[in-house]
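This briefing concerns the aromatic side chains and their surroundings. Please look at the sequence and structure shown here before reading on.

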Amino acid sequence: MGNGQSSRGGLSKAVYNNPKVKDLRELFMEVFEMIDLNENAEVSPEELRDFLKICPTENGLHSHLEHLSADSKSGEPIKKEQFGNLFAGYVKKEGVPDDETYADVKSWLEEMRTRLQKEVEVRKDRMRAIKGAIFQHLNKEGKVMVPMLEEIYVSTKDDKARSALLDIAKESLEITQEQYTSLYEDRLKSGAPTKREMDLAKSQLRILTERAEEEKRRQSCMQNYCVIA
């Protein structure tokens, strides 16, 4: 197999450049980009399985995706080129789609894209809720002391959030809720939060929640001590 055919996933140049095949491939890879929540040109087995849960099964592409999912049980991530080859394998097996198949597969891929776009918005809203709860834990009269927020970022090794915080708070030891909100809203404009970003935010909220509970227990003990005394 020549290098050209290899780069086309084993498809001939004529099939690879077929307008219907090209259109479906571009949609298929767009779906991959949306499954790739960590934006690292690969999809974890977990991300693929989560996608398959929302994926209708009436289309031939679904079985190909399930096959790839089964092959990835070792925990190895699925590279972007593997997705491209998966689509090429589908075309090799099914052939260049006729008008009816093309319309069906395109409709299915567009539905997947729509569903994934909804998932993106759900993840964004989840992040907003977590970030908002973090602010409430540290909130003093509508502001947060930068060192307190920075300490949480340092303890969870969230270097990106710490850098953005220090950049926006160059001339003050406190930031307003509006400034704090802009920190994560600017990030969410570029897409869904990655799995790592979600995990870091959850860890930060968990730390603050545990501290608040510990402080509540301490205050309760102090009050009980005072009553006994």
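Helices (H or I, at least four residues) and strands (E, at least two) are taken as DSSP runs, numbered from the N terminus. The model is predicted, so that local features need pLDDT of at least 70 and side-chain atom pairs count only at pLDDT 80 or more, while totals for chains, interfaces and linings use all residues. Residues are numbered from 1 along each chain as its sequence is written, and side-chain values use heavy atoms, with hydrogens and water left out.

**Aromatic pairs**
- A search of the whole structure finds 4 aromatic pairs, where rings of Phe, Tyr and Trp (its six-membered ring) pair if their centres lie within 6.5 Å, and planes under 30 degrees apart count as stacked, over 60 as edge-to-face and the rest as tilted.
- Phe-135 and Tyr-180 form a tilted pair, with 5.1 Å centre to centre and 45° between the planes.
- This pair links distant parts of the chain, since Phe-135 belongs to helix α7 (residues 99-138) and Tyr-180 to helix α10 (residues 177-188), 45 residues apart.
- Tyr-180 also pairs edge-to-face with Tyr-184, at 5.8 Å centre to centre and 75° between the planes.
- Both Tyr-180 and Tyr-184 lie in helix α10, 4 residues apart, about one turn of the helix.
- Phe-28, Phe-87 and Tyr-90 form one aromatic cluster.

**Burial**
- Phe-135 is buried, with a relative accessible area of 2%, where buried means under 20% relative accessible area, exposed over 50% and partly exposed in between (1.4 Å probe, protein chains only).
- Tyr-180 is buried, with a relative accessible area of 2%, and Tyr-184 is buried as well.
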